[in-house]
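Me: I am new to this one. Please walk me through it in short questions and answers.

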Amino acid sequence: MCGEQLIREVPGYRHYEVDIRDADGIGKVFAKYGNDIALIIHTAAQPSHDWAASDPNTDFTGEC
């Protein structure tokens, strides 16, 4: 499904094109919806899920 189709066909779907490294932008989305957020889909990925879960900011800030 493309974004427009998701907006039309999925009740409650909201699309935000926010860089995951943009803490303020992500914070605004969470501030607006809080516990009403049921699902987040993002396209960033780290091949080691265990490592990414323990230190997510490293991948998204470009720091080593």
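Me: Which helix has the highest mean pLDDT?
Reply: This is a predicted model. The protein averages a pLDDT of 78, and 70% of the residues score at least 70. Among its elements, helix α4 (residues 56–61) has the lowest mean, 65. The highest mean, 94, belongs to α2.

Me: Which residues form the salt bridge?
Reply: Side chains of opposite charge can pair when their charged atoms come close. The count here is 1 salt bridge. Its N to O distance is 2.6 Å, and the side chains that meet are those of Asp19 and Arg21.

Me: Is Asp19 buried, partly exposed or exposed?
Reply: Its relative accessibility is 37%. Buried means under 20% and exposed over 50%. Asp19 therefore counts as partly exposed.

Me: Is the aromatic pair stacked, tilted or edge-to-face?
Reply: The structure holds 1 aromatic pair. The ring centres of Tyr16 and Tyr33 are 6.0 Å apart, and the planes stand at 70°. Plane angles over 60 degrees count as edge-to-face. So the pair is edge-to-face.

Me: How many residues apart are Tyr16 and Tyr33?
Reply: Tyr16 is in the loop between α1 and α2, whereas Tyr33 is in helix α2. The pair links distant parts of the chain. The separation is 17 residues.

Me: How far apart in space are Ile20 and His42?
Reply: Ile20 sits in the loop between α1 (3–9) and α2 (23–33). Ile20 is partly exposed, at 36% relative accessible area. In sequence, Ile20 and His42 are 22 residues apart. In space, C-alpha to C-alpha, their distance is 8.1 Å.

Note on methods: Residues are numbered from 1 along each chain as its sequence is written. This is a predicted model: local features need pLDDT of at least 70, side-chain atom pairs count only at pLDDT 80 or more; totals for chains, interfaces and linings use all residues. Side-chain values use heavy atoms; hydrogens and water are left out. Helices (H or I, at least four residues) and strands (E, at least two) are DSSP runs, numbered from the N terminus. Buried means under 20% relative accessible area, exposed over 50%, partly exposed in between (1.4 Å probe, protein chains only). A salt bridge is a side-chain nitrogen of Lys or Arg within 4 Å of a carboxyl oxygen of Asp or Glu. pLDDT is the predictor's confidence in each residue, from 0 to 100. Rings of Phe, Tyr and Trp (its six-membered ring) pair if their centres lie within 6.5 Å; planes under 30 degrees apart count as stacked, over 60 as edge-to-face and the rest as tilted.
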